[in-house]
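Please describe how this chain folds up, for someone who has not seen it before.

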Amino acid sequence: MSIIQKAESYVVAQLNEKLPQAYLYHNLSHTRRVVKYVKQLIEVEKIGSNDARILELAAWFHDMGFIKSNDNHENYSVEIAKTFLQKE
């Protein structure tokens with residue numbers, strides 16, 4: 001399983017389990033849309049595979065911090081991504 005597949009599985013599980021239902025916009029559907037558009041951007045701009053992998057990982061994790069807090073969710077997103085990536 002690739003790092004992208006592992007990240008997708010992790011993010012989907014975390015958002016399904018831990019994201020409060022009150023988030024009507026910053027939710028799994030939003031994250032999937034962001035990933036979809038990042039993939040389109042990668043293709044149109046002919047971005048290399050290493051940079052493409054970084055962009056797609058960033059797309060998967062970009063709003064993960066909302067599982068912890070609305071305030072400073074960006075910083076929490078970074079922490080969550082960093083922890084995941086260090087384990088992988």
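What covers the buried residues of H2? The cover of those buried residues includes H1 and H3, where contact means heavy atoms within 4.5 Å. The model discussed here is predicted, with local features needing pLDDT of at least 70 and side-chain atom pairs counting only at pLDDT 80 or more, while totals for chains, interfaces and linings use all residues. Residues are numbered from 1 along each chain as its sequence is written, and side-chain values use heavy atoms, with hydrogens and water left out.

**Helix H2**

Helices (H or I, at least four residues) are DSSP runs, numbered from the N terminus. The expected span of such a helix is 1.5 Å times one less than its number of residues, and the 17 residues of H2 should therefore span 24 Å, which agrees with the 24 Å between its end C-alpha atoms. The buried residues of H2 are Leu-28, His-30, Thr-31, Val-35, Val-38 and Ile-42. Seen down the axis of H2, these buried residues fall within an arc of 155°, so they line one face of the helix; the arc is that of the directions from the helix axis to the C-beta atoms. The face of H2 turned away from the buried side carries the exposed residues Glu-43 and Val-44. Here buried means under 20% relative accessible area, exposed over 50%, and partly exposed in between (1.4 Å probe, protein chains only).

Thr-31 lies in H2, which runs over residues 28–44, and counts as buried because its relative accessibility is 2%. Leaving aside residues up to four places away in sequence, Thr-31 touches Val-11, Leu-15, Ala-59, Trp-60 and His-62. Arg-33 also has its place in helix H2, but it is partly exposed, with a relative accessible area of 36%. The C-alpha atoms of Arg-33 and Ser-49 are separated by 20 Å, the two residues being 16 residues apart along the chain.

**Helices H1 and H3**

H3 has 13 residues and reaches 18 Å from its first C-alpha to its last, close to the 18 Å expected. The buried residues of H3 are Ala-52, Glu-56, Leu-57, Ala-59, Trp-60 and Phe-61, and what covers them includes H1, H2 and H4.

**The nonpolar core and its rings**

A nonpolar core is a set of buried Ala, Val, Leu, Ile, Met, Phe, Trp, Tyr and Cys residues joined through side-chain atoms within 4.5 Å. The largest nonpolar core has 21 residues, of which Val-11, Leu-15, Trp-60, Phe-61, Met-64 and Ile-67 touch the most other members. H1, H2, H3 and helix H4 (73–87) each supply at least two residues of this core. Not counting residues up to four places away in sequence, Met-64 touches Tyr-10, Val-11, Gln-14, Leu-15, Ser-77 and Ile-80.

A search of the whole structure finds four aromatic pairs. Rings of Phe, Tyr and Trp (its six-membered ring) pair if their centres lie within 6.5 Å, with planes under 30 degrees apart counting as stacked, over 60 as edge-to-face and the rest as tilted. The rings of Tyr-10 and Phe-61 have their centres 6.2 Å apart and their planes at 35°, so this pair is tilted. The pair links distant parts of the chain, since Tyr-10 is in helix H1 (residues 3–18) and Phe-61 in helix H3 (residues 49–61), 51 residues apart. Tyr-10 is partly exposed at 28%, whereas Phe-61 counts as buried at 3%. Ring pairs also link Tyr-10, Phe-61 and Phe-84 into a cluster.

**Salt bridges**

The whole structure holds two salt bridges, each being a side-chain nitrogen of Lys or Arg within 4 Å of a carboxyl oxygen of Asp or Glu.

| Salt bridge | N to O distance |
|---|---|
| Glu-88 and Lys-6 | 3.1 Å |
| Glu-56 and Lys-39 | 3.7 Å |

Glu-56 in helix H3 and Lys-39 in helix H2 are 17 residues apart, and their pair links distant parts of the chain. Glu-56 counts as buried at 12% relative accessibility, whereas Lys-39 is partly exposed, with a relative accessible area of 45%.
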